[in-house]
Amino acid sequence: MLSELLKDFLPVDVSRMRARDFLGKQNEIENTKLAAIGKGSGWKDVESCPLCGSGERETEFRKHDVELVGCLDCRLRYGARIPSNLDDVYKSPEYVSFSKEDSDEHYSYRRDRFGRERVAILEKYCGDLTDLKILDIGCGNGYFLSAAMERCKHCFGTESSGRLRKFATQKTGLSVFGEDLENLPERDFDIITLFDVIEHVPAPARFMETVIELLKAGGHILMFTPNFDSFSIRVMEAHSSIVDPTEHVVLFTRPSLKYLADALRLETIYYETQGLDIQNILSMSRGGDADSGKFLIRWANELQAMINRSSCGDYSRIMFRKA
Ligand SMILES: [Zn+2]
């Protein structure tokens, strides 16, 4: 079984994905974001579950003085406080300068490793993409669009960061719009993709209703989002970079994704989890030592392949179909 898993396994070169000294900089980045929120509009309380509306909840962790709570009804995790204005974080100049997303190397590696993998998932469930119309919401530097263009003639993106929008437009030559989905110049998409987007959205069900409006009947949504119920979160708890109250205002689990699908009358046609960031675990977990670190790194691919298959990976991948 393990050899079968490894045959399908695509390793990730973490060193090529992140800003230099990413892990060492994690605290610095988070402090910068906290300062930007403090200087800006501050925080506001979230009294009830942003997905199902229930007030029944329990505390999971506390990070930067913000409680991360779990809804006892739909199992969504959410910040009991969120930034009053999320632009305080995303538009702060310090935050922008930490990212190396607008670099050629970052773009090419992500296109080849992740963009093409995502296109292959779409082809598996949606068939030939050539004449379909695809929208990538929150397209970042455009690496997924660049891979999608290799197989599809009608690709579009949206991106809220002006700097990344410009980079993506220059790299792909495609139309990349701003974040205002209600006034998008294009609609009737066959496929809408949301990679690392929904966890940033304070009202996820309402946001998804807008997304669904842009989709044709029978169209597909492919979404990737952190999986709260993962081995990494179990090990790292609040030390995980996924637990970030300044940006990740909601964190989904399999049951809360099912709640979302049912509430929006979407059919789920694919679900799996992927990811086990060994380096992240080693640098952030308490009590790691050099020998266990060597062991984990030596067997990283095997462990990752097994965890992927067990639905305990770091990221959920889910595809919905609109009725
Ligand atoms: Zn809930």
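This is a predicted model: local features need pLDDT of at least 70, side-chain atom pairs count only at pLDDT 80 or more; totals for chains, interfaces and linings use all residues.

User: How many of the seven residues of β9 are buried?

Analyst: Buried here means that 20 or more other C-beta atoms lie within 10 Å of the residue's own; 12 or fewer makes it exposed, anything in between partly exposed, and C-beta atoms are placed from the backbone. Strand β9 (residues 189-195) is largely enclosed by the rest of the structure, because the buried count is six of the seven.

User: What handedness does the unit of β9, α8 and β10 have?

Analyst: Helix α8 covers residues 204-213, and with β9 and β10 it makes a β-α-β unit. The test is to point the strands away from the viewer: if the path from the first strand over the helix to the second runs clockwise, the crossover is right-handed. This unit comes out right-handed.

User: Zooming out, which strands stand at the edges of the seven-stranded sheet?

Analyst: The sheet is open, with mixed pairing and the order β8-β7-β6-β9-β10-β13-β12. Each edge strand has a single partner, so one side of each is left without a neighbour in the sheet; those strands are β8 (175-177) and β12.

User: By what angle are neighbouring strands of this sheet turned against each other on average?

Analyst: Axes are lines fitted to C-alpha atoms, for helices over the stretch in contact, and angles run from 0 to 180 degrees between N-to-C directions. For neighbouring strands here, direction is ignored, and the average is 15°.

User: What angle does the direction of α5 make with that of β10?

Analyst: Helix α5 (residues 104-126) packs on the sheet, touching β9, β10, β12 and β13 (315-322). Contact means C-beta atoms, placed from the backbone, within 7 Å. The angle with β10 is about 140°.

User: Which residue of β11 is the bridge partner of Arg 77?

Analyst: That's in an open sheet of four strands, antiparallel, with the order β2-β3-β4-β11. β2 (57-63) and β11 (250-251) are its edge strands, each pairing on one side only. Two bridges join β4 (residues 77-79) to β11, and the partner of Arg 77 is Leu 251.

User: Last one: what arc do the buried residues of α13 cover around the axis?

Analyst: In helix α13 (residues 300-309), the buried ones are Gln 304, Ala 305 and Asn 308. Their cover includes α1 (2-7) and β12 (266-274). The arc is that of the directions from the helix axis to the C-beta atoms. They sit on the same side of α13 because they cover an arc of only 100°.

Note on methods. Residues are numbered from 1 along each chain as its sequence is written. Two residues are in contact if their C-beta atoms, placed from the backbone, lie within 7 Å. Two strands pair if DSSP finds at least two bridges between them.
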